[in-house]
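Subject: Structure handover

Dear colleague,

Please find the structure below. My notes on it follow.

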Amino acid sequence: MAYTPQYYPGNTSVGANRRKHMSGNLEKLRDIPEADVVAIMGHRAPGADYPSTHPPLKEMGEPDCPIRQLVEPTPGAAAGDRVRYSQFTDSMYFAPSIPYWRSYWAAINCRGADPGTLSGRQIIEARERDIEAYTKKLMDSEMTDVARCSMRGCTVHGHSLRLEENGMMFDMLARTELGADGNVYYVKNQVGIPLDKKINVGKPMSEEELKKRTTIFRYDNISYGGKVGARKFDEALEALHHMWELRTKWGFRPE
Amino acid sequence: MVTIKSDTESEPVQVEIFPSRFLSPETTQKLLNELYKSGGIVRMMIQGPNLPRTVTYGPGKGLPIEEHRNLLVEVGGEVLELRVKVGRIRLELEGEEFLPGIQAACERALPFSFQIKRGKFFREISTISDYAKYGKDADKRILGLVDPRAKKESALAVLSEKDSDKKEER
């Protein structure tokens, strides 16, 4: 029988969304052109060659190593690309993904990636052409809502602040704006350098849609314990209590 | 010795208006004018995250942020430049009788929910920073209105010179 990984417990919609994010089995909601993703990331001009830090692996003559024979290099590693990053900030107002789930997604589904989790933002580092592909996947999928998530390489805060009047997450560098047509536009790249043209990333989700897709447990949507007033807590909270108990009493050794 | 005040004399009260969203410059102007019209304001402070004029950090450091320039609001005939995204407004009122007016002004100006809290939001005693900045005989109404590092000239506006009706704003 084939093994099916069990990523996260619980019967709530948040539990189900967390499983979806971790498994990488995500719905594609939009298709942002690759050149636009590259422009927002701001590491190289769209269409330009990839600068490299070492010659392609095939030309380097690698040592005889069983691990190297076993593990196929990613396209970026094979070509000798630089290591670059993309970083996202997610609003605590029902953003679809949150830093830990972005990291789980990256660690489970992306080869050669180094995810870093911080309180209100999440960074993924990888070889340049790999991180571009991963970032496009992130921006196209249901892990991103264009109003409540935003690519921010620096001056990232906005996660725990109130929203702007139009429902956008506050951005100190004004990288995104809500157009009169209801679409969200990136006007600057992730570090605040103005783009040559505005990049349309589509319409934001409605409040109901966000509450349906979020991975954030909140008292005013889905509580960690599941249905309020139920006889039993949701399995997610039970599992958390169990892990806490094991770790506190004996040190967590999942074996 | 205990001094008993008469019942008719009202004590100043301090309130904080906390909207559920950050205010745009247009809504800020509307709200401040409504508050100004409702009367009884001794002093007022607006607070929120900074809106820098230039990128402060990273590869784009020093680039201008055009969106944050010339955010002007007109209150009581005075034009002020907004330097923060307004998220909180603190007021000192001449007395409790002005509270319903503040509530009504917020209801008229804000298209979303808000909270009005009563409390003590401005300090009365001069700190060392205040002493260094304003000197020994500082006007007590200035205390607690601006950030210790902010320049008084750009962060403070006096909207009325009348002693009994002096309004200040950051």
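**The loop between β4 and β5 of chain A**

Ala174(A) sits in the loop between β4 and β5 of chain A, where helices (H or I, at least four residues) and strands (E, at least two) are DSSP runs numbered from the N terminus. Its phi is positive, about 50°, although Ala174(A) is not a glycine. With a relative accessible area of 12%, Ala174(A) is buried; buried means under 20% relative accessible area, exposed over 50%, and partly exposed in between, with a 1.4 Å probe and protein chains only.

Before the rest, the conventions. This is a predicted model, in which local features need pLDDT of at least 70 and side-chain atom pairs count only at pLDDT 80 or more, while totals for chains, interfaces and linings use all residues. Residues are numbered from 1 along each chain as its sequence is written, chains are lettered from A and ligands numbered from 1 in the order in which they are written, and side-chain values use heavy atoms, with hydrogens and water left out.

**Interface of chain A and chain B**

The contact (heavy atoms within 4.5 Å) takes 22 residues from chain A and 25 residues from chain B.

On the side of chain A that touches chain B, the residues divide into 11 nonpolar, 5 polar and 6 charged. Here Ala, Val, Leu, Ile, Met, Phe, Trp, Tyr, Cys and Pro count as nonpolar, Asp, Glu, Lys and Arg as charged, and the others, Gly among them, as polar.

In one salt bridge, the side chains of Glu164(A) and Lys85(B) meet at 3.3 Å, N to O. Glu164(A) lies in the loop between β4 and β5 (176–178) of chain A and Lys85(B) in the loop between β4 (78–81) and β5 (88–93) of chain B, so the pair joins two chains. Glu164(A) and Lys85(B) are both buried.

Asn50(B) touches Phe170(A), Met172(A), Arg83(B) and Val84(B), not counting residues up to four places away in sequence. Asn50(B) is in the loop between β2 (41–47) and β3 (72–75) of chain B and is partly exposed at 43% relative accessibility. From Asn50(B) to Leu82(B) the C-alpha distance is 9.5 Å, at a separation of 32 residues in sequence.

**Salt bridges and helix packing in chain A**

Over all chains, the whole structure has 32 salt bridges. Glu142(A) pairs with Lys20(A), the closest N and O atoms being 3.2 Å apart. This pair links distant parts of the chain, 122 residues apart: Glu142(A) is in the loop between α7 (128–140) and β4 (149–151), and Lys20(A) is in helix α1. Glu142(A) is buried, with a relative accessible area of 1%, whereas Lys20(A) is partly exposed at 28%. Asp31(A) and Lys28(A) also form a salt bridge, 3.7 Å from N to O, and both are exposed.

Helix α1 (residues 13–23) and helix α6 (residues 99–109) of chain A have axes that come within 7 Å and cross at roughly 35°. Axes are lines fitted to C-alpha atoms, for helices over the stretch in contact, and angles run from 0 to 180 degrees between N-to-C directions. The residues of this contact divide into 5 nonpolar, 3 polar and 1 charged.

**Chain B**

Chain B has 4 helices and 8 strands, in the order β-α-β-β-β-β-α-β-α-α-β-β along the sequence. Of its 170 residues, 42% count as buried. Asn70(B), in the loop between β2 and β3 of chain B, is a residue other than glycine with a positive phi near 55°. Asn70(B) is exposed, with a relative accessible area of 60%.

Regards

Conventions: A salt bridge is a side-chain nitrogen of Lys or Arg within 4 Å of a carboxyl oxygen of Asp or Glu.
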